[in-house]
Amino acid sequence: MIEYDSIKKAMGVDIAISPKMAQAMYKWQHMYVNEAPWLNKEVKSLNLPAAICTEMARLVTMESSVTINGSARADLIAESMQPFLNQLQNYTEYACSVGGIVFKPYISGGKIAIDVTQAGSFYPVTFDSANDITAVVFPEFKQSGKNLYVRLEYQAFDGDTYTIINKAFVSKKMIVRMDEIINLGQEISLEDVDEWADIEPFVQFRNATTPLFSYFRMPMANNTDPLSPLGVSVFSRAVDLIRDADEQYGATLWEYRSKETAIQAADEFYQKDRKGHIILPAGNKRLYRALGPGVSDKDGAPFFNVYSPEIRDQSFFNGYNRIVQKIEFNSGLAYGTLSDPQTVDKTAEEIISSKQRSYGTVKAIQNSLAHAIEKLVDAIDAWMTIADVAPAGNVQVSSDWDDSLIVDKKREIEQLRADLSAGIVGRVEYRMKRFNETREQAIKMLREADEYDLEKENFDDNDEL
């Protein structure tokens, strides 16, 4: 990360990230990669942050389908986006870990490519009323020996005007503190770096209709910094609980280590080498404890004792599972996703409520992802117009998600049957919803089932059964 004051000085813009939010994102990033600040030799990571994000991303994207059609341009956009869509679950996981991610398309060799930038690696400047970013700074780094080259790309969408500013800097002695680049160094020409030589320092478009990037934001409320429009990690409400779980797991491991069976005996019970040193049985040294010569029990005999206390593992694991269930609750996951589902008995209503909480979280993220994909397609469409990549044409985007992950199908079917029995829905409507049939298919199947005599019953295709 680049220190915000350095960006402000270099680009003349304020970064819309508060110190509190920056600190939180820094912690979420390190928790996700198993570098939480509380980990040490005694406290091992259970990798819960990554597990939470992986499971959430799986639920959000499994069986997802994005369709782009309407014209030859739409077909080209769909082709360009296919590599991106193939990695959609991974990108969703990254967004879950730190609260958001930016998709930035660009022209490369006459084709569209898409950069994916995680929170902490882009710097929002302004937002609109829908919490979509409208101005942002993107950094790019290049290291050569002891020199660090940085390119800052500022993009701003203001009304119908779109502005892009590029500046390059070199620091001949990198100054880094806690993953932050303190000093950008001296400003240089973009042409001084071969990879940036063809980049224009200033470009402005008129009649712009959309930002040339898309922000995928986690939809839950930001209780880390309520004034910030940035998204938060899906485990942001469970940070302290995750620490408790790691510590509880460390305590459980210590319980096993401290209760290892040991044979405590006077030196008289062990063989000795020529120098009189105790020889512990090969491969079992941890099992034996030599207490020294002449150690006796209360009867005066050489001391011998087997140390094998009872392990309290069940109590420890019960406590651990209680903590993990609280983590599931605070992360929007159903009970049993990470914890042992057999640990605590639950009523049917509690199980349904737990699943509905997960359904609600997943559905909200899916809606946010669908919105981000639509904005990404708009940005690609705009780039194609700017670069004259393809003739203008209609572009339609639709996202389809696997409803079985969102809707409690069993409960929905039971309600549909109750509505049919009460006469609230007809038989055709029931079949259409129950079996995903068209009206014509439903009427046909009901005809065959009831063996209707069309002439006798005078049944018409437009009649409701």
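This report describes the fold of one protein chain, from overall figures down to single residues.

## Basis and overall figures

This is a predicted model, in which local features need pLDDT of at least 70 and side-chain atom pairs count only at pLDDT 80 or more, while totals for chains, interfaces and linings use all residues. Residues are numbered from 1 along each chain as its sequence is written, and side-chain values use heavy atoms, with hydrogens and water left out.

The protein has 12 helices and 18 strands. Helices (H or I, at least four residues) and strands (E, at least two) are DSSP runs, numbered from the N terminus. Of the 465 residues, 42% count as buried. Buried means under 20% relative accessible area, exposed means over 50%, and partly exposed lies in between (1.4 Å probe, protein chains only). The accessible surface comes to about 25,600 Å², and carbon and sulfur atoms hold 47% of this surface. These areas come from the Shrake-Rupley method with a 1.4 Å probe; for residues, only the protein chains shown count as cover.

A contact means heavy atoms within 4.5 Å. Among contacts with a separation of 6 or more, 64% link residues 24 or more positions apart.

## Helix α5 and its surroundings

Helix α5 covers residues 88–98. Because 8 of its 11 residues are buried, α5 is largely enclosed by the rest of the structure. The buried residues are L88, Y91, T92, E93, A95, C96, S97 and V98. After α5 comes G99, which has a positive phi near 105°.

Helix α2 (residues 19–32) packs against α5 at an angle of about 130°, and the two axes are 8 Å apart. Axes are lines fitted to C-alpha atoms, for helices over the stretch in contact, and angles run from 0 to 180 degrees between N-to-C directions. The two helices are therefore oblique to each other. Angles under 35 degrees count as roughly parallel, over 145 as roughly antiparallel, 65 to 115 as roughly perpendicular, and the rest as oblique.

From α2, the residues M25, W28, Q29 and Y32 meet E93, Y94, S97 and V98 of α5. By class, this contact has 5 nonpolar, 2 polar and 1 charged residues. Ala, Val, Leu, Ile, Met, Phe, Trp, Tyr, Cys and Pro count as nonpolar, Asp, Glu, Lys and Arg as charged, and the others, Gly among them, as polar.

Helix α5 also lies across β2, β3 and β12, and runs at about 135° to β2. An open sheet is formed by 3 strands in the order β3-β2-β12, with antiparallel pairing. The strands β3 (111–118) and β12 (214–217) stand at the edges with a single partner strand each, so one side of each is left without a neighbour in the sheet. Neighbouring strands of this sheet are turned by 25° against each other on average, direction ignored.

Strand β7 (residues 161–171) is mostly covered, with 9 of its 11 residues buried. Two strands pair if DSSP finds at least two bridges between them.

| Pair | Bridges |
|---|---|
| β6 (residues 147–158) and β7 | 11 bridges |
| β7 and β11 (residues 202–205) | 4 bridges |
| β7 and β10 (residues 186–188) | 3 bridges |
| β2 (residues 100–108) and β12 | 4 bridges |

Some residue pairs can be named. E153 stands opposite N166 in β7. Y162 has F205 in β11 as its bridge partner, and F169 has E187 in β10. The hairpin of β6 and β7 has 2 residues between the strands, and G159 there takes a positive phi near 65°.

## Residues in loops

Most residues other than glycine have a negative phi. N47 is not a glycine, yet its phi is positive at about 60°. This residue, N47, lies in the loop between α2 and α3 (48–61), and it counts as partly exposed at 30% relative accessibility.

D388 also has a positive phi, near 55°, and is a residue other than glycine. The loop that holds D388 runs between α8 (348–387) and β18 (396–400). With a relative accessible area of 64%, D388 is exposed.

E437 sits in the loop between α10 (427–435) and α11 (439–450). Its relative accessibility is 16%, so E437 counts as buried. Not counting residues up to four places away in sequence, E437 touches R431, M432, A442 and M445.
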